[in-house]
Amino acid sequence: MNLYKDAANLLKEAKNILVFTGAGISAESGIPTFRGKDGLWNKYNPQELATLEAFLKNPKLVWEWYDFRRKLIKEAKPNLAHLTLAKWEKILPITIITQNVDELHQRAGSKNVIELHGNIWTLKCLSCSYQEKNYEVPLKKIPPICPKCHDLLRPGVVWFGEALPEDALKKAFALAQNADVCLVIGTSGVVFPAAQIPYIVKETGGKVIEINLEPTPISEIADISFFEKASEALRKIDKYL
Ligand code: NAD
Ligand code: ZN
């Protein structure tokens, strides 16, 4: 029995593959995850940093934290896991749905990427429809100001208590209903509605393959689980493609 080969065969036979990624896929690039041993939420209180209330109360503090994360992300490089997925996109019918805001999938070369939780390089106005892509690190002015209406610009990410971008979520759910295989990589699977995706795939008859360092709620519905680093599991599956 060779589970890597089995996973490769499922991927080769699939007409639609959905890859669902979380912070764990970027951990090997040196970007801390949220939960877990070295998770950011062990050191910081999300209610003080990742909510609209927190931002309105102290935009400077919240922006300093995002500025720090933008620096980490800018210095980071896509790792073998991101690169392997980008390579697979050339030979397999893959769409990546990511909860990450770091853009590392795109930097690795993936084109078919849906960002469910926004993008840390997007700045958007609290009041008007202005938004921009801004890769400046550190930001020249904290907090940054809208050039159109002079209200505050905020990070273009989804905070606790906020709705996910409607378009992205609709697309993601539609893809999930049609996917033959869902490859779930490096997500704790506890942040909804994003975490529904593998369940939808399973309910509509698709297979679920999970890669994580440890079991998660998604493990219970997974057809194949690999409990190891994302780069390791993908490298081993890649040999059979
Ligand atoms: P997470 O930190 O909850 O989970 C990361 C998972 O990756 C863990 O299960 C861990 O075991 C696994 N992992 C760690 N290293 C790995 C490796 N090398 N290979 C494979 N797996 C590895 O991250 P998540 O699941 O992405 O969290 C869901 C979402 O919560 C995040 O995407 C984020 O958008 C959201 N969130 C965002 C904010 C914010 O600041 N805007 C705040 C809180 C939560
Ligand atoms: Zn504005």
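I worked from a predicted model, in which local features need pLDDT of at least 70, side-chain atom pairs count only at pLDDT 80 or more, and totals for chains, interfaces and linings use all residues. Residues are numbered from 1 along each chain as its sequence is written, chains are lettered from A and ligands numbered from 1 in the order in which they are written, and side-chain values use heavy atoms, with hydrogens and water left out.

Entry 1. I searched the whole structure for salt bridges (a side-chain nitrogen of Lys or Arg within 4 Å of a carboxyl oxygen of Asp or Glu) and got eleven.

Entry 2. I looked up K133 and found it paired with E103, with 3.9 Å between the closest N and O atoms. The two are 30 residues apart and link distant parts of the chain: K133 is in strand β5 (131-133), E103 in the loop between β2 (94-98) and α7 (104-108). Helices (H or I, at least four residues) and strands (E, at least two) are DSSP runs, numbered from the N terminus. I noted E103 as buried at 11% relative accessible area and K133 as partly exposed at 48%. Buried means under 20%, exposed over 50%, partly exposed in between (1.4 Å probe, protein chains only).

Entry 3. I found K140 bridged to E136 at 2.9 Å, N to O. K140 is exposed at 74%; E136 is partly exposed at 25%.

Entry 4. I found R235 bridged to E232 at 3.2 Å, N to O. Both lie in helix α10 (230-238), three residues and about one helical turn apart. I then traced shared partners: salt bridges join E228, E232, R235 and K236 into one network.
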